[in-house]
Amino acid sequence: MSYTVRRPTAEEEAGFFASMAAGFGEPGNPDGPQDAEVFEADRHWAAVFTSEGADPQIVGTTTAYSFQLTVPGGAQIPAGGLAGVTVQPTHRRRGLLRQMMEAHIDECVERGEPASLLTASETGIYDRFGYGWAVEHEALRLSTYRGKFRADLADQPWSKLQLRMLPSTDDMGAALPAIYNRVQAQRAGMLSRRPEWWQGVLAAEEGWKGGGDLFCAVARTESGTDVGYVLYVLDELKTDNHFRSDLRIKELIAADGDVEASLWRHCLDRDLIANVAYKTASVDSPMRRMLAEPRWLRIDWRDDELWLRPLDIVRLLEARTYQASGSLVIEVVDDFRPELGGRFRVDTTNAASGDGASANGGTDGIESTASATRTDDDPDLTMPTEVLGSIYLGAINPVTLGVAGRIQEHTPGALNMARALFMTPTPPFNPTRF
Ligand SMILES: CC(C)(COP(=O)(O)OP(=O)(O)OC[C@H]1O[C@@H](n2cnc3c(N)ncnc32)[C@H](O)[C@@H]1OP(=O)(O)O)[C@@H](O)C(=O)NCCC(=O)NCCS
């Protein structure tokens, strides 16, 4: 009996997908997954079990998507999106996930991807492999009865946006990718979507990537530019004697707060709607500050959305912008891949300063790039790889991580400097689940 981790052959692909479906407790589909086109066959890894007298059997799977990730300041970096991680219940806890993780990380490094990403089914698995919780979301719920805006907001820029409904998924497929791409180019945390990805987002059946009986409203400026959309389904309320539905937002993509407000307004103002819910909303929705009764925008939960695993730390640190002027030596302890860790100086003092005009623009007009180098200097801070992954996109406060014992501060004030450097005025957002 033995196990090998290798690429599945073309003939083994059906067995690979059947094993993946079984690992997630889903029925296998003999034709493969519904959105098979979105998978990249050269990024699959299979754990293959061989025993005497029996055919080799695929008992573990991973795959990856080749994303571009927007980082603070608007640069896009390549990143491997780990997905389809399963080990058959009959072969679990024998180290197969660990072996497949090694294969995935090596593959990302070979491809020149400075980070690996994932969305996690369970939060206890991945920090041992260097992944940190990097983007959060909130599940919001609002009764339309409590959904009025403050009276003094009646004539704001959001009210000048033109909204139109798209009648079919063909129309949505034609209009939405360009809007998404424009917003993705400026919002940290957002991931590129290949054309195949949209088939899942707009599929007739609801699945992990989106889909369902979709409605869509698009917001357009007076000058004729499409600047956002909301995609939603209506769940009929069976308990109500009258015809009423809950409106469930699948994704709301907005170039700025005004667009977001106008799209929420569209949802709240539809007739025959009892409640509006958005389970994967950005954590900084301006909605709460616009409502006449802000308390009633309920947060059902606040959760992890995207996890990030630093691989090429110098490249990562130089790719993003920072909100302060300063220099820090960060010691990164990488237990899973020690050669990727080390000490790094990040220094924004001599780097180019912008005008803070991007969506993640700095406070007081400061937004600068940084130089990053490996160094032997004494560290100001020490943190494990996954903690650098957590603070990298600007969502998680390094000071809080220090209080929680996840970052050691050697130089007084260094945690506060890390907060000023890394946190962004607008938190990252990721609407793409994979
Ligand atoms: C999660 C899963 C892939 C783990 O596979 P596995 O081969 O049993 O994992 P390994 O034996 O390689 O374990 C590697 C490490 O992860 C830990 N681990 C594995 N599954 C875990 C879980 N669900 N929660 C917390 N830790 C877990 C192991 O204890 C081990 O820790 P150690 O190396 O520090 O001792 C498997 O149980 C599975 O397929 N679950 C159902 C599908 C799923 O949840 N997939 C994850 C999608 S994001």
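Eighteen residues make up the shell around the ligand in this predicted model, and of these 18 residues Val87, Arg92, Leu97, Ser121 and Gly124 come nearest. Two elements, β4 (76-87) and α2 (96-111), each give two or more residues to that shell; helices (H or I, at least four residues) and strands (E, at least two) are DSSP runs, numbered from the N terminus. By type, the shell splits into seven nonpolar, five polar and six charged residues, where Ala, Val, Leu, Ile, Met, Phe, Trp, Tyr, Cys and Pro count as nonpolar, Asp, Glu, Lys and Arg as charged, and the others, Gly among them, as polar.

Residues are numbered from 1 along each chain as its sequence is written. As the model is predicted, local features need pLDDT of at least 70 and side-chain atom pairs count only at pLDDT 80 or more, while totals for chains, interfaces and linings use all residues.

Now for the sheet. Twelve strands line up as an open, mixed sheet in the order β1-β2-β3-β4-β5-β12-β6-β11-β10-β9-β8-β7, with pairing taken to need at least two DSSP bridges between two strands. At the edges sit β1 (2-6) and β7 (162-165), each pairing on one side only. Inside the sheet, β10 (residues 245-254) and β11 (residues 273-281) run parallel over five bridges, and Ser245 faces Ile273 of β11.

As for confidence, the chain averages a pLDDT (the predictor's confidence in each residue, from 0 to 100) of 94, and 96% of the residues score at least 70.

Methods
Near = placed C-beta within 6 Å.
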